[in-house]
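Hi everyone, thanks for making time.

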Amino acid sequence: MVSRTFSKIAGRLAAAAVALSAVVVNAPSASAAAQEFIYSGQDYGYAGATFDWAGRSSVRNIDLLVSDWGCDAKPVYAYFLFYNGSLHPDTTPTRRYDHSGCDKEDYSSYNDLTWSISGDSITYMGVVVCRDAANGPCKVGGLSGRNPYA
């Protein structure tokens with residue numbers, strides 16, 4: 001009788017251990033960062049992006065929307081601002097445009113972009129939206145959270 005009760009309890013404990021290990025294996029790690037969202041909106045346009053931190057000096061899975069809201073025949077473009085490990089600002093070299101103009105429902109989408117630098121870290125990211133005109137204007141939105149890898 002004792003051995004039959006013991007084997008039932010042992011079987012239940014084994015099943016519980018398997019179930020618990022499945023939960024632990026499928027649970028995200030405590031250090032996994034949630035996807036970041038950054039944006040900048042002005043009366044002439046909008047730029048917003050989501051991305052994932054990929055390491056101390058890189059980001060991946062960047063999805064960027066750029067929307068030209070101005071009725072002025074001047075397109076809107078966006079680029080990224082980032083702060084390095086010493087918290088000095090720098091920018092990405094590529095401008096991503098939207099030429100739809102005068103329409104908040106139309107936008108240009110840029111998907112699955114990546115960005116990295118060598119020899120330093122990326123501490124924060126922001127997105128800048130600009131009107132393509134002499135002297136801008138340009139406006140940076142709020143910054144991301146701190147890079148958990150930096």
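So, to start: which residues in the largest nonpolar core touch the most other members? Keep in mind as we go that this is a predicted model. That core has 20 residues, and the ones touching the most other members are I38, F51, I62, L64, F80, M125 and V127. As for where the core comes from, four strands each supply at least two of its residues: β2 (45–55), β3 (58–68), β4 (76–84) and β8 (122–131). There's also a second, separate core of five residues, and Y77, Y79, L81 and V128 are among them. In soluble globular proteins, nonpolar side chains tend to be buried together.

Okay, let's zoom in on L64. Leaving out neighbours within four places in sequence, L64 is in contact with quite a list, including A47, A49, A78, F80, L113 and V127. R96, S108, S109 and Y110 are on that list too.

Next up, G45, over in strand β2. Is G45 buried or exposed? G45 counts as buried, because its relative accessibility is 0%. Skipping residues up to four places away in sequence, G45 touches S40, S67, W69, V76 and V129. And here's a pair to find on the screen: G45 and C102 sit 57 residues apart in sequence, while their C-alphas are 9.2 Å apart in space.

Last stop is N84, in strand β4. With a relative accessible area of 17%, N84 is buried, because the cut-off is under 20%.

Definitions and conventions:
Residues are numbered from 1 along each chain as its sequence is written. This is a predicted model: local features need pLDDT of at least 70, side-chain atom pairs count only at pLDDT 80 or more; totals for chains, interfaces and linings use all residues. Side-chain values use heavy atoms; hydrogens and water are left out. A nonpolar core is a set of buried Ala, Val, Leu, Ile, Met, Phe, Trp, Tyr and Cys residues joined through side-chain atoms within 4.5 Å. Buried means under 20% relative accessible area, exposed over 50%, partly exposed in between (1.4 Å probe, protein chains only). Contact means heavy atoms within 4.5 Å.
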